[in-house]
Amino acid sequence: MIDEPSTPGTLRPGGRTARVRAAVLRAAEEALVAHGFSGLDLGDLAQRAGVGRTTVYRRWGSTTALIADLLTDMAEQSLPRTRSGSLTEDLRANARLVRRTLADPRQGALFRAVLVAANDDPGTAEALRLFYRRRVEEWAPCVTEAVERGELPSDTDPSEVIRAVSAPLYYRMLTTADPLDETAADRAAAAAEAAARAGAYRRTAD
């Protein structure tokens, strides 16, 4: 069993606290993939992770809080955005990163479980919104830079462009059995870029 930290969150990164978090999040991923949100139980996860139940309940307190931390960890582990100096290349890199995540047998199943849970659990829904907001905020600067280079209308909304890149890929994953390949990713990026250049994502007046 992993040693319990005396005060959660106070030990140095890489110490016992980090090992406990990694073990519990890994157990949560496995449970979500296998059984969905309804299969999550903090006591069971503690046993799976080889961690004391008290530690798990003290640190997370609820399955919703645990999912929020799992999404935070996924955002932290994601590759940083590309800075190619080309809007086409940056949007394509974003689309391919999303595709790799959703097409991965484990990560794709995990996202589907979280998306289903978010329909019924407000806490999970909020955690999911925060996760995507962070991801959009990380990639939005590539659109801002394209505006500054004069490639897009000056009032283009960067966040809307980034959302438009990933939306077709999530739709494809959730509604069809079609392969989620690089062709699909490149097509999604190209469509978002074409729409942005045509002014489809101009900011609306308040």
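This is a predicted model: local features need pLDDT of at least 70, side-chain atom pairs count only at pLDDT 80 or more; totals for chains, interfaces and linings use all residues.
Helices are DSSP runs of H or I with at least four residues, numbered from the N terminus.

Figure 1. The protein chain contains 9 helices and 0 strands. Followed along the sequence, its pattern reads α-α-α-α-α-α-α-α-α. A box of roughly 55 × 40 × 35 Å, taken along the principal axes, is filled by the C-alpha atoms of the protein chain.

**Figure 2. Helix α1 packs with helix α2.** Two packed helices are described by the angle between their axes and by the distance between those axes. Here the pair consists of helix α1, residues 16–35, and helix α2, residues 42–49. Their angle is about 115°, and their axes lie 9 Å apart. The crossing of α1 and α2 is right-handed.

**Figure 3. Residues in the contact of α1 with α2.** On the α1 side are A23, V24, A27, A28, E30, A31 and H35. They meet L45, R48 and A49 of α2. Sorted by class, this contact of α1 with α2 has 7 nonpolar residues, 1 polar residue and 2 charged residues.

**Figure 4. The largest pocket and its centre.** The volume of the largest pocket is about 580 Å³. Its lining is made of 24 residues, of which F111, F131, Y132, R135 and Y170 are the closest to the centre of the pocket.

**Figure 5. Helices and residue classes in the lining of the largest pocket.** At least two residues of the lining come from each of these helices: α4 (63–77), α5 (87–103), α6 (105–118), α7 (122–148) and α8 (158–175). By class, the lining of the largest pocket divides into 13 nonpolar, 6 polar and 5 charged residues.

**Figure 6. A salt bridge between D186 and R92.** The structure holds 14 salt bridges. One of them is formed by D186 with R92, and the closest N and O atoms of this pair are 4.0 Å apart. D186 belongs to helix α9 (residues 182–197), while R92 belongs to helix α5. The two residues are 94 residues apart, and the pair links distant parts of the chain.

Definitions and conventions
Residues are numbered from 1 along each chain as its sequence is written. Side-chain values use heavy atoms; hydrogens and water are left out. Axes are lines fitted to C-alpha atoms, for helices over the stretch in contact, and angles run from 0 to 180 degrees between N-to-C directions. A crossing is left-handed if the near helix is turned anticlockwise from the far one by less than a right angle, and right-handed if clockwise. Contact means heavy atoms within 4.5 Å. Ala, Val, Leu, Ile, Met, Phe, Trp, Tyr, Cys and Pro count as nonpolar, Asp, Glu, Lys and Arg as charged, and the others, Gly among them, as polar. On a 1 Å grid over the protein atoms alone, a cavity is a set of points where a 1.4 Å probe fits but cannot get out, and a pocket is an open set with protein on both sides within 12 Å along at least five of seven lines; lining residues have an atom within 4 Å of a point. Grid points are joined across faces, edges and corners, and a volume is the space filled by probe spheres set on the points. A salt bridge is a side-chain nitrogen of Lys or Arg within 4 Å of a carboxyl oxygen of Asp or Glu.
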